[in-house]
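Here is a short briefing for a first look at this structure. Keep the sequence and the 3D view open while you read.

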Amino acid sequence: MMTPALPVSDPSPGDHLHRATAGSVAEVAAVFLRLGCMSFGGPIAHLGYLRAELVEKRRWIDDAQLGDLVALCQFLPGPASSQVVFAMGMQRAGLPGALLASACFTLPSALLMVGFAYGVATVGNLQGAGWLHGLKLAAVVVVAQAVWGMGKKLCTDRARVSLCLAAAAIVLAFPSALAQLGVIAGAGVVGLRLYRNDLTPAPSPTRAGGWRGHAVAGSALLVFLVLLVVLPALSSATGSRAIAELDSFYRSGSLVFGGGHVVLPLLRAEVVPRGWLTDEQFLAGYGAAQALPGPMFAFAAYLGSAMNPGDRSWLGGIWCLLAIFLPAWLLIGGALPFWHRLRAKRWAQAALAGANASVVGILLAALYNPVFTEGVRGGADAVAALVGFGLLEHWRAPPWLVVVGMAAAGQWLLPA
(Lines give C-alpha, C1' and ligand atoms only; values in the text may rest on other atoms or scores of the structure.)
Protein backbone atom coordinates (compact mmCIF):
# COMPACT_ATOMS: atom_id res chain seq x y z
CA MET A 1 0.00 0.00 0.00
CA MET A 2 1.31 3.42 -0.87
CA THR A 3 2.32 5.48 2.13
CA PRO A 4 2.99 9.23 1.87
CA ALA A 5 6.54 10.31 2.39
CA LEU A 6 7.27 11.79 5.78
CA PRO A 7 8.34 15.41 6.06
CA VAL A 8 11.95 15.66 7.05
CA SER A 9 13.42 18.07 9.56
CA ASP A 10 16.69 19.83 8.94
CA PRO A 11 19.51 17.74 10.39
CA SER A 12 21.18 20.53 12.27
CA PRO A 13 20.51 20.37 16.03
CA GLY A 14 19.96 24.09 16.03
CA ASP A 15 17.26 23.83 13.34
CA HIS A 16 13.71 22.51 13.66
CA LEU A 17 10.38 22.06 12.00
CA HIS A 18 9.40 25.65 12.67
CA ARG A 19 11.64 28.65 13.09
CA ALA A 20 12.54 29.30 16.72
CA THR A 21 11.07 32.55 17.91
CA ALA A 22 10.42 34.00 21.33
CA GLY A 23 6.80 33.01 20.85
CA SER A 24 7.57 29.41 19.91
CA VAL A 25 9.95 28.99 22.85
CA ALA A 26 7.29 30.34 25.20
CA GLU A 27 4.76 28.02 23.57
CA VAL A 28 7.05 25.03 24.14
CA ALA A 29 7.43 25.99 27.81
CA ALA A 30 3.69 26.37 28.34
CA VAL A 31 2.76 23.14 26.56
CA PHE A 32 5.28 20.92 28.32
CA LEU A 33 4.75 22.50 31.72
CA ARG A 34 1.06 21.65 31.43
CA LEU A 35 1.92 18.12 30.30
CA GLY A 36 4.29 17.79 33.24
CA CYS A 37 1.44 18.65 35.59
CA MET A 38 -1.07 16.17 34.17
CA SER A 39 0.93 13.21 32.78
CA PHE A 40 0.17 10.55 35.35
CA GLY A 41 0.56 6.83 34.82
CA GLY A 42 4.17 6.16 33.78
CA PRO A 43 6.08 6.31 30.50
CA ILE A 44 3.55 4.50 28.31
CA ALA A 45 0.77 6.79 29.50
CA HIS A 46 3.07 9.77 28.89
CA LEU A 47 3.25 8.83 25.22
CA GLY A 48 -0.54 8.85 25.14
CA TYR A 49 -0.66 12.34 26.65
CA LEU A 50 2.01 13.53 24.21
CA ARG A 51 0.05 12.15 21.26
CA ALA A 52 -3.18 13.78 22.43
CA GLU A 53 -1.50 17.16 22.81
CA LEU A 54 1.05 17.25 19.99
CA VAL A 55 -0.58 15.11 17.28
CA GLU A 56 -4.32 15.47 17.82
CA LYS A 57 -4.61 18.96 19.28
CA ARG A 58 -1.63 21.01 18.04
CA ARG A 59 -0.60 18.95 14.98
CA TRP A 60 3.08 19.67 15.49
CA ILE A 61 3.80 16.19 14.09
CA ASP A 62 1.79 13.27 12.74
CA ASP A 63 1.47 9.71 14.01
CA ALA A 64 4.19 8.41 11.70
CA GLN A 65 6.70 10.98 12.94
CA LEU A 66 5.78 10.23 16.54
CA GLY A 67 6.24 6.52 15.85
CA ASP A 68 9.66 7.27 14.34
CA LEU A 69 10.72 9.14 17.47
CA VAL A 70 9.41 6.42 19.78
CA ALA A 71 11.29 3.77 17.80
CA LEU A 72 14.51 5.79 18.04
CA CYS A 73 14.08 6.37 21.78
CA GLN A 74 13.33 2.69 22.37
CA PHE A 75 16.72 1.84 20.86
CA LEU A 76 18.62 4.37 22.96
CA PRO A 77 19.16 4.00 26.72
CA GLY A 78 17.26 6.42 28.91
CA PRO A 79 13.64 7.35 29.69
CA ALA A 80 11.79 7.02 26.38
CA SER A 81 8.99 9.49 27.09
CA SER A 82 11.40 12.15 28.37
CA GLN A 83 13.58 11.61 25.31
CA VAL A 84 10.57 12.15 23.05
CA VAL A 85 9.86 15.37 24.97
CA PHE A 86 13.47 16.53 24.43
CA ALA A 87 13.32 15.64 20.73
CA MET A 88 10.02 17.44 20.24
CA GLY A 89 11.36 20.55 21.96
CA MET A 90 14.40 20.46 19.67
CA GLN A 91 12.30 20.11 16.54
CA ARG A 92 9.95 22.89 17.61
CA ALA A 93 12.43 25.48 18.93
CA GLY A 94 16.00 24.22 18.59
CA LEU A 95 18.30 23.37 21.47
CA PRO A 96 16.80 26.01 23.82
CA GLY A 97 13.39 24.49 23.14
CA ALA A 98 14.70 21.00 23.86
CA LEU A 99 16.17 21.96 27.22
CA LEU A 100 13.12 24.03 28.12
CA ALA A 101 10.70 21.26 27.15
CA SER A 102 12.61 18.73 29.26
CA ALA A 103 12.88 21.11 32.22
CA CYS A 104 9.20 22.07 32.16
CA PHE A 105 8.02 18.48 31.76
CA THR A 106 10.14 17.42 34.76
CA LEU A 107 9.77 20.49 36.98
CA PRO A 108 6.40 19.77 38.67
CA SER A 109 7.32 16.29 39.90
CA ALA A 110 10.91 17.35 40.71
CA LEU A 111 9.72 20.20 42.93
CA LEU A 112 7.28 17.91 44.73
CA MET A 113 10.00 15.31 45.25
CA VAL A 114 12.37 17.91 46.72
CA GLY A 115 9.54 19.12 48.95
CA PHE A 116 8.95 15.57 50.12
CA ALA A 117 12.63 15.21 50.93
CA TYR A 118 12.42 18.32 53.08
CA GLY A 119 9.48 16.77 54.90
CA VAL A 120 7.06 19.49 53.71
CA ALA A 121 4.60 16.88 52.39
CA THR A 122 3.53 13.86 54.41
CA VAL A 123 2.21 11.36 51.90
CA GLY A 124 2.08 8.14 53.90
CA ASN A 125 0.97 4.84 52.41
CA LEU A 126 -0.55 5.50 48.99
CA GLN A 127 -1.46 1.95 48.06
CA GLY A 128 -5.11 2.30 49.07
CA ALA A 129 -5.68 5.88 47.93
CA GLY A 130 -8.85 6.09 45.85
CA TRP A 131 -7.68 9.05 43.80
CA LEU A 132 -4.46 7.23 42.90
CA HIS A 133 -6.54 4.30 41.65
CA GLY A 134 -8.54 6.76 39.56
CA LEU A 135 -5.32 8.08 38.03
CA LYS A 136 -4.37 4.54 37.05
CA LEU A 137 -7.73 4.23 35.29
CA ALA A 138 -7.03 7.52 33.52
CA ALA A 139 -3.79 5.96 32.25
CA VAL A 140 -5.84 3.06 30.83
CA VAL A 141 -8.02 5.55 28.94
CA VAL A 142 -5.13 7.63 27.60
CA VAL A 143 -3.07 4.65 26.45
CA ALA A 144 -6.14 3.04 24.85
CA GLN A 145 -6.79 6.19 22.84
CA ALA A 146 -3.13 6.35 21.77
CA VAL A 147 -3.18 2.71 20.60
CA TRP A 148 -6.49 3.24 18.79
CA GLY A 149 -5.40 6.42 17.04
CA MET A 150 -1.88 5.30 16.12
CA GLY A 151 -3.20 1.93 14.96
CA LYS A 152 -5.58 3.58 12.50
CA LYS A 153 -2.74 5.68 11.06
CA LEU A 154 0.21 3.26 11.15
CA CYS A 155 -1.38 -0.17 10.64
CA THR A 156 -3.11 0.47 7.34
CA ASP A 157 -2.86 -2.94 5.66
CA ARG A 158 -2.94 -6.62 6.54
CA ALA A 159 0.83 -6.97 6.84
CA ARG A 160 1.21 -4.09 9.28
CA VAL A 161 -1.74 -5.24 11.38
CA SER A 162 -0.07 -8.65 11.54
CA LEU A 163 3.22 -7.07 12.61
CA CYS A 164 1.40 -5.10 15.30
CA LEU A 165 -0.34 -8.18 16.72
CA ALA A 166 2.82 -10.29 16.52
CA ALA A 167 4.79 -7.60 18.35
CA ALA A 168 2.15 -7.42 21.09
CA ALA A 169 2.13 -11.20 21.49
CA ILE A 170 5.93 -11.46 21.70
CA VAL A 171 6.27 -8.64 24.23
CA LEU A 172 3.49 -10.10 26.39
CA ALA A 173 5.13 -13.53 26.27
CA PHE A 174 8.63 -12.19 26.92
CA PRO A 175 8.27 -8.94 28.89
CA SER A 176 11.73 -7.38 28.74
CA ALA A 177 13.49 -4.41 27.21
CA LEU A 178 15.54 -6.80 25.07
CA ALA A 179 12.35 -8.30 23.61
CA GLN A 180 11.09 -4.81 22.72
CA LEU A 181 14.34 -3.96 20.93
CA GLY A 182 14.26 -7.29 19.07
CA VAL A 183 10.64 -6.80 18.02
CA ILE A 184 11.29 -3.32 16.61
CA ALA A 185 14.42 -4.49 14.78
CA GLY A 186 12.66 -7.56 13.36
CA ALA A 187 9.65 -5.56 12.23
CA GLY A 188 12.01 -3.08 10.58
CA VAL A 189 13.60 -5.91 8.55
CA VAL A 190 10.16 -7.16 7.50
CA GLY A 191 9.09 -3.65 6.53
CA LEU A 192 12.26 -3.25 4.47
CA ARG A 193 11.43 -6.37 2.47
CA LEU A 194 7.74 -5.56 2.02
CA TYR A 195 7.69 -1.81 1.35
CA ARG A 196 11.05 -0.87 -0.15
CA ASN A 197 9.59 -0.37 -3.62
CA ASP A 198 6.26 1.08 -2.52
CA LEU A 199 7.21 4.25 -0.68
CA THR A 200 8.11 7.61 -2.18
CA PRO A 201 11.42 8.92 -0.82
CA ALA A 202 11.39 12.28 0.86
CA PRO A 203 13.86 14.88 -0.38
CA SER A 204 17.15 14.63 1.45
CA PRO A 205 18.01 17.69 3.51
CA THR A 206 20.87 19.58 1.91
CA ARG A 207 20.99 22.91 3.71
CA ALA A 208 24.36 24.60 3.53
CA GLY A 209 26.34 24.25 6.70
CA GLY A 210 24.56 21.07 7.68
CA TRP A 211 27.91 19.40 8.27
CA ARG A 212 28.45 21.73 11.24
CA GLY A 213 25.28 20.43 12.86
CA HIS A 214 26.45 16.87 12.33
CA ALA A 215 29.84 17.72 13.81
CA VAL A 216 28.13 19.12 16.92
CA ALA A 217 25.90 16.05 17.10
CA GLY A 218 28.90 13.73 16.77
CA SER A 219 30.64 15.67 19.53
CA ALA A 220 27.62 15.13 21.81
CA LEU A 221 27.81 11.37 21.26
CA LEU A 222 31.56 11.47 21.93
CA VAL A 223 31.01 13.40 25.18
CA PHE A 224 28.47 10.78 26.26
CA LEU A 225 31.04 7.99 25.85
CA VAL A 226 33.90 9.97 27.40
CA LEU A 227 31.90 10.79 30.52
CA LEU A 228 30.82 7.16 30.86
CA VAL A 229 34.48 6.11 30.95
CA VAL A 230 36.09 9.06 32.73
CA LEU A 231 33.66 9.73 35.60
CA PRO A 232 34.29 6.45 37.50
CA ALA A 233 38.04 7.02 37.32
CA LEU A 234 37.66 10.66 38.34
CA SER A 235 35.46 9.70 41.27
CA SER A 236 37.97 7.14 42.47
CA ALA A 237 40.94 9.49 42.03
CA THR A 238 39.43 12.54 43.75
CA GLY A 239 37.34 10.93 46.48
CA SER A 240 34.85 13.78 45.97
CA ARG A 241 31.31 13.08 47.11
CA ALA A 242 29.89 15.39 44.43
CA ILE A 243 31.80 13.60 41.66
CA ALA A 244 30.76 10.22 43.09
CA GLU A 245 27.11 11.26 42.96
CA LEU A 246 27.55 12.59 39.41
CA ASP A 247 29.14 9.29 38.37
CA SER A 248 26.46 7.14 40.03
CA PHE A 249 23.47 8.98 38.60
CA TYR A 250 25.06 9.46 35.17
CA ARG A 251 25.78 5.73 34.86
CA SER A 252 22.28 4.87 36.04
CA GLY A 253 20.77 7.14 33.39
CA SER A 254 23.10 5.67 30.74
CA LEU A 255 22.22 2.01 31.31
CA VAL A 256 18.42 2.11 31.42
CA PHE A 257 16.42 0.34 28.74
CA GLY A 258 12.70 -0.24 28.99
CA GLY A 259 11.31 2.72 30.92
CA GLY A 260 11.90 4.83 33.99
CA HIS A 261 10.97 2.14 36.52
CA VAL A 262 13.96 0.06 35.38
CA VAL A 263 16.28 2.70 36.87
CA LEU A 264 15.08 2.01 40.42
CA PRO A 265 17.20 -1.09 41.12
CA LEU A 266 20.20 0.64 39.56
CA LEU A 267 19.75 3.67 41.80
CA ARG A 268 19.21 1.57 44.90
CA ALA A 269 22.43 -0.32 44.20
CA GLU A 270 24.24 3.02 44.03
CA VAL A 271 22.84 4.85 47.07
CA VAL A 272 21.84 2.26 49.69
CA PRO A 273 25.00 0.05 49.92
CA ARG A 274 27.15 3.20 50.15
CA GLY A 275 25.15 4.39 53.14
CA TRP A 276 23.92 7.54 51.41
CA LEU A 277 20.32 6.51 52.21
CA THR A 278 18.61 3.71 54.10
CA ASP A 279 16.24 1.29 52.41
CA GLU A 280 13.36 2.89 54.29
CA GLN A 281 14.23 6.34 52.98
CA PHE A 282 14.62 5.02 49.45
CA LEU A 283 11.26 3.22 49.50
CA ALA A 284 9.48 6.19 51.08
CA GLY A 285 10.56 8.37 48.17
CA TYR A 286 9.56 5.71 45.67
CA GLY A 287 6.10 5.52 47.23
CA ALA A 288 5.68 9.27 46.85
CA ALA A 289 6.91 9.16 43.25
CA GLN A 290 4.11 6.73 42.33
CA ALA A 291 1.52 9.43 42.94
CA LEU A 292 3.20 12.16 40.93
CA PRO A 293 2.91 13.16 37.26
CA GLY A 294 5.89 13.43 34.96
CA PRO A 295 8.94 11.20 34.50
CA MET A 296 10.08 8.63 37.05
CA PHE A 297 13.59 10.05 36.68
CA ALA A 298 12.40 12.99 38.82
CA PHE A 299 12.91 10.53 41.70
CA ALA A 300 16.57 11.57 41.46
CA ALA A 301 15.61 15.01 42.83
CA TYR A 302 14.33 13.35 46.01
CA LEU A 303 17.40 11.15 46.34
CA GLY A 304 19.83 14.02 45.84
CA SER A 305 18.02 16.16 48.41
CA ALA A 306 17.62 13.38 50.96
CA MET A 307 21.28 12.36 50.63
CA ASN A 308 22.44 15.90 51.40
CA PRO A 309 20.38 17.07 54.40
CA GLY A 310 20.43 20.72 55.39
CA ASP A 311 19.11 24.07 54.30
CA ARG A 312 20.60 23.69 50.82
CA SER A 313 19.71 20.07 50.20
CA TRP A 314 17.76 21.19 47.13
CA LEU A 315 21.11 21.82 45.45
CA GLY A 316 21.87 18.12 45.81
CA GLY A 317 18.52 17.37 44.23
CA ILE A 318 19.28 19.56 41.21
CA TRP A 319 22.78 18.04 40.90
CA CYS A 320 21.51 14.46 40.80
CA LEU A 321 18.59 15.38 38.53
CA LEU A 322 20.94 16.93 35.97
CA ALA A 323 23.28 13.94 36.22
CA ILE A 324 20.59 11.36 35.49
CA PHE A 325 19.10 13.30 32.55
CA LEU A 326 22.42 14.31 30.97
CA PRO A 327 22.97 10.97 29.12
CA ALA A 328 19.52 11.18 27.50
CA TRP A 329 20.13 14.77 26.40
CA LEU A 330 23.50 13.90 24.87
CA LEU A 331 22.19 10.79 23.12
CA ILE A 332 19.08 12.39 21.63
CA GLY A 333 20.87 15.63 20.77
CA GLY A 334 23.57 13.57 19.06
CA ALA A 335 21.39 10.99 17.32
CA LEU A 336 18.44 13.11 16.17
CA PRO A 337 20.20 15.01 13.33
CA PHE A 338 21.52 11.75 11.85
CA TRP A 339 18.09 10.19 12.34
CA HIS A 340 16.41 12.96 10.34
CA ARG A 341 18.78 12.43 7.41
CA LEU A 342 18.51 8.65 7.62
CA ARG A 343 14.71 8.57 7.61
CA ALA A 344 14.63 10.49 4.31
CA LYS A 345 15.93 7.39 2.51
CA ARG A 346 13.48 5.10 0.73
CA TRP A 347 14.82 1.97 2.45
CA ALA A 348 14.69 3.66 5.86
CA GLN A 349 11.04 4.65 5.32
CA ALA A 350 10.26 1.05 4.40
CA ALA A 351 11.95 -0.19 7.57
CA LEU A 352 10.11 2.44 9.63
CA ALA A 353 6.76 1.33 8.18
CA GLY A 354 7.36 -2.04 9.82
CA ALA A 355 8.97 -0.61 12.96
CA ASN A 356 6.08 1.81 13.55
CA ALA A 357 3.58 -1.04 13.34
CA SER A 358 5.59 -2.88 16.00
CA VAL A 359 5.59 0.25 18.20
CA VAL A 360 1.78 0.16 18.12
CA GLY A 361 1.98 -3.50 19.12
CA ILE A 362 4.30 -2.70 22.02
CA LEU A 363 1.86 -0.03 23.20
CA LEU A 364 -0.98 -2.54 22.84
CA ALA A 365 0.91 -5.01 25.03
CA ALA A 366 1.60 -2.29 27.59
CA LEU A 367 -2.08 -1.34 27.55
CA TYR A 368 -2.81 -4.80 28.91
CA ASN A 369 0.22 -5.23 31.17
CA PRO A 370 0.87 -3.23 33.27
CA VAL A 371 -1.65 -0.46 32.52
CA PHE A 372 -4.90 -2.49 32.43
CA THR A 373 -3.89 -5.17 34.94
CA GLU A 374 -2.90 -2.55 37.53
CA GLY A 375 -5.74 -0.14 36.84
CA VAL A 376 -8.88 -2.23 36.29
CA ARG A 377 -9.93 -4.31 39.32
CA GLY A 378 -13.51 -5.14 38.42
CA GLY A 379 -16.59 -4.41 36.37
CA ALA A 380 -17.13 -0.91 37.78
CA ASP A 381 -13.57 0.05 36.87
CA ALA A 382 -14.08 -1.29 33.34
CA VAL A 383 -17.25 0.79 32.96
CA ALA A 384 -15.43 3.91 34.18
CA ALA A 385 -12.60 3.28 31.72
CA LEU A 386 -15.06 2.85 28.82
CA VAL A 387 -16.84 6.08 29.74
CA GLY A 388 -13.50 7.89 29.93
CA PHE A 389 -12.45 6.50 26.55
CA GLY A 390 -15.71 7.63 24.98
CA LEU A 391 -15.31 11.13 26.41
CA LEU A 392 -11.73 11.37 25.18
CA GLU A 393 -12.06 9.77 21.75
CA HIS A 394 -15.57 10.64 20.58
CA TRP A 395 -16.64 13.65 22.65
CA ARG A 396 -13.16 15.20 22.41
CA ALA A 397 -13.05 16.08 26.10
CA PRO A 398 -9.74 17.66 27.18
CA PRO A 399 -7.35 15.02 28.60
CA TRP A 400 -6.85 17.01 31.82
CA LEU A 401 -10.61 16.98 32.43
CA VAL A 402 -10.74 13.21 31.97
CA VAL A 403 -7.80 12.80 34.38
CA VAL A 404 -9.48 14.94 37.04
CA GLY A 405 -12.79 13.15 36.54
CA MET A 406 -11.23 9.70 36.84
CA ALA A 407 -9.35 10.72 39.99
CA ALA A 408 -12.60 12.00 41.52
CA ALA A 409 -14.44 8.81 40.52
CA GLY A 410 -11.70 6.70 42.10
CA GLN A 411 -11.91 8.68 45.31
CA TRP A 412 -15.69 8.90 45.74
CA LEU A 413 -17.57 6.60 43.35
CA LEU A 414 -15.64 3.42 42.63
CA PRO A 415 -15.35 0.58 45.16
CA ALA A 416 -12.17 0.52 47.23
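A helix here is a DSSP run of H or I at least four residues long, and helices are numbered from the N terminus. By that rule, W314 lies in helix α13. The model is predicted. The chain has 16 helices and 0 strands.

**Overall build**
- The chain holds 416 residues, and 56% of them count as buried.
- Take the contacts between residues at least 6 apart in sequence: 77% of these join residues at least 24 apart.

- Y118, W314, L315, I318 and L322 make a nonpolar surface patch of about 450 Å².
- W314 is one of the patch residues. Its relative accessible area is 39%, so W314 counts as partly exposed, the class between 20% and 50%.

**Salt bridges**
- Side chains of opposite charge can pair when their charged atoms come close.
- How many salt bridges does a search of the whole structure find? The count is 17.
- One of them joins D63 and R51, with N to O at 2.8 Å. D63 sits in helix α3 (residues 63–75) and R51 in helix α2 (residues 43–57), 12 residues apart. Both D63 and R51 are buried.
- Another salt bridge pairs E56 with R396, whose closest N and O atoms are 3.8 Å apart. E56 belongs to helix α2, while R396 is in the loop between α15 (379–393) and α16 (399–412), so this pair ties together parts that are 340 residues apart in sequence.
- Is R396 buried or exposed? R396 has a relative accessible area of 52%, which is over 50%, so it counts as exposed. E56 has a relative accessible area of 26% and is partly exposed.
- R377 and D381 also form a salt bridge, and their closest N and O atoms are 3.9 Å apart. D381 is buried, at a relative accessible area of 3%.
- A network of salt bridges links E27, R34, E53, R58 and R92.

**Around E270**
- E270 is part of helix α10, which spans residues 263–271.
- Why does E270 count as buried? Its relative accessibility is 11%, and buried means under 20%.
- The side chains of E270 and S248 are joined by a polar contact of 2.9 Å.
- Which residues does E270 touch, leaving aside neighbours within four places in sequence? They are S248, R251, S252 and W276.

**Around A350**
- A350 is found in helix α14, residues 346–375.
- A350 is buried, because its relative accessible area is 0% and the cut-off for buried is under 20%.
- L192 is 158 residues away from A350 along the chain. Yet the C-alpha atoms of A350 and L192 are separated by 4.7 Å.

Terms used
Residues numbered from 1 in each chain as written. Predicted model: local features only at pLDDT ≥ 70, side-chain atom pairs only at ≥ 80, totals over all residues. Heavy atoms only, no water. Helix = DSSP H or I, 4+ residues; strand = E, 2+ residues; numbered from the N terminus. Buried < 20%, exposed > 50% of the residue type's maximum accessible area, 1.4 Å probe, protein only. Contact = heavy atoms within 4.5 Å. Patch = residues over 30% accessible without salt bridge, like charges linked within 9 Å, V, L, I, M, F, W, Y side chains within 5 Å. Areas by Shrake-Rupley, 256 points an atom, 1.4 Å probe, with all protein chains shown as cover. Salt bridge = Lys/Arg side-chain N within 4 Å of Asp/Glu carboxyl O. Polar contact = N/O pair within 3.5 Å; in protein donor to acceptor, adjacent residues only side chain to side chain.
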